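Hello,

Here is the structure I promised to pass on. My notes follow below it.

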Amino acid sequence: MTSNTPGSTPPDDLKPAGRAAPVVNRVTADDITVSLKAGFADFLARPLMSGFFGLFYAVFGLLFVWCLVWLDKIWMVIPAAVGFPLIAPFAAAGLYEMSRRLQKKENFGWSEILTVMANQRKREMGWMAFVTLFILWVWFYQFRTVLVIILQDSSFSDLDGFLNTVFFTPQGWTFLAVGSCVGAFLSAVLFTVTVVAMPMLLDREDTDFVSAMLTSVRVVRENPVIMFSWAAIISVTIVLSLLPAFLGLIFTLPILGHTTWHLYQRAVISEEGWSIQSSP
């Protein structure tokens with residue numbers, strides 16, 4: 001029998017308390033330095049496995065550029081070379097897992113790491129990949145729009161002609177300036193929403209990709225100078241790594257991936273409530 005006593009019925013909008021947002025730390029230049037040292041140590045601990053991920057990324061980049069030339073999509077070579085590093089955080093998932101296990105002093109082999117990577121397709125990491133590829137698609141679209149507007153009167157039939165037009169003509173300089181501004185903006189947006197979101201999704205299985213992105217935004221908002229300094233380090237390092245036919249990525253990508261894991265742990269307090277503090 002249902003009671004009609006006033007106040008006996010719970011309110012309709014009664015909901016379980018929401019989960020508290022992760023707490024973020026203030027990070028310093030020392031955190032980047034210490035994280036880089038830890039990332040380099042992780043690379044040296046498993047150089048072949050770490051280098052494999054860098055090699056795979058480099059080979060994929062070379063094949064991608066070769067396909068563009070083969071398909072006569074000359075205009076896409078530059079945006080591909082610039083936008084290619086944007087997917088590096090997603091490609092580094094295996095490196096994050098390696099660093100996590102090394103930190104816990106767990107034994108692991110290829111099967112454990114590859115299994116964790118394969119399982120990410122069933123989790124929120126797939127949505128993060130979608131976000132990354134969407135921004136990459138926007139970059140290609142904007143690049144083509146700027147190309148058509150600024151270089152509409154220019155003609156080039158091969159890669160050499162395209163590069164000559166871009167780097168040695170006034171229209172090409174204008175094109176580079178505008179394109180660089182657009183690319184810098186999109187890169188900043190992607191960096192802001194992914195810098196700690198990727199390792200956080202791997203670290204916390206019950207975290208959704210929106211919460212991870214919001215946490216990443218909070219980390220950057222709380223530490224704009226330090227985090228964008230880290231973004232600049234990543235950008236310069238990867239660009240320099242592309243010059244020797246992408247081969248520099250064999251070493252730099254693993255180190256940057258391992259470093260990102262350690263920087264994430266310094267920027268976001270763990271679920272247990274502890275955090276790694278800056279060294280004095």
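In which hand of crossing does α2 pass α5? The crossing is left-handed, meaning that the near helix is turned anticlockwise from the far one by less than a right angle (clockwise would be right-handed).

First, the ground rules. This is a predicted model, in which local features need pLDDT of at least 70 and side-chain atom pairs count only at pLDDT 80 or more, while totals for chains, interfaces and linings use all residues. Residues are numbered from 1 along each chain as its sequence is written, and side-chain values use heavy atoms, with hydrogens and water left out.

The overall picture: the chain has 13 helices and zero strands. Both are DSSP runs numbered from the N terminus (helices H or I, at least four residues; strands E, at least two). Of the 280 residues, 44% count as buried, that is, under 20% relative accessible area with a 1.4 Å probe, protein chains only (exposed is over 50%, partly exposed in between). Take contacts between residues at least 6 apart in sequence: 76% of them join residues at least 24 apart. Contact here means heavy atoms within 4.5 Å.

Back to the first pair. The axes of α2 (residues 47-70) and α5 (residues 93-103) come within 10 Å and cross at roughly 160°. Axes are lines fitted to C-alpha atoms, for helices over the stretch in contact, and angles run from 0 to 180 degrees between N-to-C directions. That makes α2 roughly antiparallel to α5; the label applies over 145 degrees, with under 35 roughly parallel, 65 to 115 roughly perpendicular and the rest oblique. Met49, Ser50 and Phe53 of α2 meet Gly94, Leu95 and Met98 of α5.

The second pair is α9 (residues 170-194) and α11 (residues 209-222). They pack at about 110°, axes 6 Å apart. The two are therefore roughly perpendicular. From α9 come Phe191, Thr192, Val193 and Thr194; from α11, Met213, Ser216, Val217 and Val220.

Now the core. The largest nonpolar core has 66 residues. Such a core is a set of buried Ala, Val, Leu, Ile, Met, Phe, Trp, Tyr and Cys residues joined through side-chain atoms within 4.5 Å. Phe191, Met227 and Trp230 have the most contacts inside it. Helix α7 (residues 125-150) gives the most to this core, with eleven residues. Beyond its neighbours within four places in sequence, Met227 is in contact with Val27, Phe191, Val195, Val219, Val220 and Leu263.

Best wishes
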